Amino acid sequence: MKMGRILLACLLLASILTACGNNGENAGKVKLEFFQNKPEAKGSFDKLVAKFNASHPGIQVTQVNPPDAETVLKTRVVKNDIPDVIGMGATDTYSILAKSDIFADLTQSKLVEAIDPNYIKMLKDVTGLSKITGIPYATNANGIMYNKDIFKQLGLSVPKTWDELIATAQKVKDSGIIPFYFTYKDDWQTNLPFNALAPNLVGIDFFKQRRENQVTFQEKFREVAEKQLKLLDYGHGDNFGKTYADGNRAFARGESAMYIQGSWAIPEIRKSNPKANIGFFPFPTGNDPDKNKLISGVDTLLTISESTQHKKESEEFIAFLLEPDNIGQYIQEQTAFSAVKGVTQNDPAVAELEPYFKAGRVVDFADHYIPAAVQLNAIVQGFLQNRNIDAYLKTLDTEWDKVQSRK
Amino acid sequence: MSKRLTAYYWMTVPAVVLFFVFMTLPALQGIYYSFTNWNGFGKHYDFIGFRNYANLFTDSNVGNAYLFTFKFAIVVTILINVLSLLIALGLNARIKARNFFRGIYFLPNILSVLIVGYIFNYLFSNVFTIWGQNLGIHAFSTNILGNENLAWIGVVIVAVWQGIAFNTILYLAGLQTIPASLYEASNLDGASRWQEFWRITFPLISPFFTINMVLAMKNSLMVFDQIVALTNGGPGRATQSISHLIYIGGFQGGEFAYQSANSVIYFIVIAIISILQLKFLQGRESDM
C-alpha cells in the first residue's frame, strides 16, 4: 500500500516536471490556432504548418481539423471561442458567418494583392458584402472527366459544344459502353450538371435578380431543366442506385467513358487505380464554344477572426501559405488550383483546364447562391426521378419564396 | 423528515434534476426559440410571434414528411408486432437449442442502428441487385433505395429487421408469465391450438401487447438514424421523416427557429398519439 503511494507520488511529480519542460520551451511564443474543414487536406497542411513553425521561432501554429467542421465552427461562434485563422469553403455557411461580422476586415491587407481578382469577386458575390473578409486560397473545378483510353479506342475527340457532347455520348452508347456514370443515390451529385448549366446558360446575375423578385426560375430555367433530363438518356441501368464512392471506383476501372464530376474526385479515383488515364474538360453547355466558361469555386479560403489577439501573426501565417512554393505544394498534393496569380497546376489529368484559368474564363457554382434552406439537392434529385419540368421549376420558385418569407 | 424518507429522496431527486437539466430545460428553450427567427448561432434575433407556426401549415415539405412518417410508422408497428409475437411463440416452445436462438434473435438489438443501416445500404446497392438480375425480376435488379416509389420499403425492411429484437424479448417475458397449468387444463378440455392462442395466450399477454404497440409506434414515428444511413431522405424527399426534416432544415439550412416550431408541433402530436394508444389499449386489457 505504502509502496503504491510512493510510486504514485513519483509519477505525479514526473508528469508535473515534464509539463514544466514543455512550458519552458514554448514560453514567449505566440500561439495560433489554425482551424480548417477539409479532412483530405489535413496531411498537406500539417507539412506546411511544420515548415512555418520551423522558420518562425516566435510563433507556434496548431492545426485543428474536426469532423463535420462547419457545425463545430458554428457552435464555437456561439461560445465566442473563435479560432485565430480559419480555412473553409466559400459556402452558404461562410456567407452567414461573414454577415455576422465574425471575420476581420482584410480589404486593405497586402494579402489581397497576390490573389486572382476573379475569386475575390466571387467571395463578394457570395456574401453580398463590399468588404473582403476572406483570402481565396485553393480552388476547384467542376466539369466532365473522360477516360482517354476509351476515347482513343472509339476515335472520339473532346466535345466543345452541347450537340457534340450528346453526339459523343451517343457514339459511346452505340459501342456498348456506358457514356456517363451517374451516382445519383447521393443527392448532392445530382446537382453537378445543374451547377455547370445554370451559370453558363442563365448567368450568376440571375440569383441577384431572383433575390429582388425580378425574375423567376419558371421564366429562365426551362433549357437548364431540359438538358438535365437529356443527360439521363446516357447513364447506366441504375443511375439512382449508385453513390459517389461507387462512381469513383467504377470510373477508375474504366467502366464508363465519361464522368460528370469535380476535380476533388481525382485523388479518390487514383486511390482505386493509380494508372487511370483520365482527362478533364469543361462542361459544354451551349453551342458557342467561345462563350462556355469553366465552373470553378473557392474550395478553401483563409480568414482571420475579428476577435483574435494576434492579427499580425495570423496575417504572417496566411502570407506564408500564399507563397508560391507552399501553395504550389498544396495544390499538387490536392489536385486543386491556385487562387494566387502565376501558380499553375501541372497535373496532366487537368491540363486541358489551364487555358480557362489563364484567360479568367471561370464562373462560380450556381448552388453557392441558393440559400441552403431551399434544399436544392433534394429538389433536383426528385425532379430527375419524376421528370416533370413544370413542377420542378415551380418548386424552385415556391421554395425560394418560402425561405425568403421565413427570414 | 424521517431517515427512511431521506433515503428515498436521495434515490429520486438526482434523476429528476438530471432529467430537468438535460431534457426539460432544452425543450423549454426550444419552445422559446420557436417564437423567434434565430438561425442557430449569432447574437441577433427578433421575436416574430406565431409566424413560424403559420408558415409550417403552408409548407408542403412538412405535410410530405408527416405523410411519409405516418405511413412508415403504421406499417412498421404492425409488422414488428406480428413478427415478433410469432418469433416469441417459437422461442417459448420446447425447441432444440432454444437459448442459442434466443441469443441470435436478440442480436440486432445490440448493434448500432447506423452500422446496420450502412450494411444494408451496401447490400441494397451491391448484393440484392445482383440477386434481382439473376432471378430476372426487373423491379429488384436496381437499387430500390434509388427509386422514389420503393425506397420507403427498403427503410421499412431495415427498421423491422432491427426493431423485432427488442419486442420479441418483451413478448417472450410476457409468455413466461402464463402458468403452464392453464394449458394443461385447456388440453384436457380439448381446445385447439388456435383457440388456445386467442383464449389464453393473447389475453394474458395483453399488457405486453400494449407496451409493445406504444413503443414500436413511438420509435417509428421518431425514425431518424435509419433514414440518415440509408437514403438521407431521398430520392428527392420521398423518405424524409419529420425528425430528418427538423435536423436538415434546422442545422444545415440554418432555420433553427422555424424547425423548433416544427418540433414543438411534433412533440404535441406524439404525446397525443401515445396517450390515445395507452387509453384505448389499456381499456381493452381490462375488458378481457
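How do α3(B) and α6(B) lie to each other, oblique or roughly parallel? Let's open the viewer and find out.

**Before you click**

This is a predicted model, where local features need pLDDT of at least 70, side-chain atom pairs count only at pLDDT 80 or more, and totals for chains, interfaces and linings use all residues. Residues are numbered from 1 along each chain as its sequence is written, chains are lettered from A and ligands numbered from 1 in the order in which they are written, and side-chain values use heavy atoms, with hydrogens and water left out.

**Stop 1: chain B**

Select chain B and switch to cartoon view. You'll find twelve helices and zero strands (helices are DSSP runs of H or I, at least four residues, and strands are runs of E, at least two, numbered from the N terminus). The C-alpha atoms of chain B fill a box of roughly 75 × 75 × 30 Å along the principal axes.

Now pick residues 60–92 of chain B, helix α3, and residues 151–176 of chain B, helix α6. Their axes come within 6 Å and cross at roughly 40 degrees (axes are lines fitted to C-alpha atoms, for helices over the stretch in contact, and angles run from 0 to 180 degrees between N-to-C directions). That's why α3(B) and α6(B) are oblique to each other: angles under 35 degrees count as roughly parallel, over 145 as roughly antiparallel, 65 to 115 as roughly perpendicular, and the rest as oblique.

The contact of α3(B) with α6(B) has 21 nonpolar, seven polar and one charged residues. Here Ala, Val, Leu, Ile, Met, Phe, Trp, Tyr, Cys and Pro count as nonpolar, Asp, Glu, Lys and Arg as charged, and the others, Gly among them, as polar.

**Stop 2: the domains of chain A**

Over to chain A. Colour domain 1 (31–140 + 297–358) one way and domain 2 (142–295 + 366–405) another; the bounds come from an automatic or database domain assignment. Their centres, taken over C-alpha atoms, are 27 Å apart. Domain 1 of chain A puts 18 residues into the contact and domain 2 of chain A puts in 23 (contact means heavy atoms within 4.5 Å).

**Stop 3: α4 and α5 of chain A**

Select residues 92–99 (α4) and 117–127 (α5) of chain A, whose axes come within 9 Å and cross at roughly 75 degrees. That makes α4(A) roughly perpendicular to α5(A). Show side chains for A:Y94, A:S95, A:A98 and A:K99 of α4(A), then A:L123, A:V126 and A:T127 of α5(A), and you have the contact. By class, that's four nonpolar, two polar and one charged.

**Stop 4: α7 and α11 of chain A**

Last, take residues 162–174 (α7) and 222–231 (α11) of chain A, with axes that come within 12 Å and cross at roughly 15 degrees. So α7(A) is roughly parallel to α11(A). Zoom in where A:W162, A:L165 and A:I166 of α7(A) meet A:K227, A:K230 and A:L231 of α11(A). This contact has four nonpolar, no polar and two charged residues.
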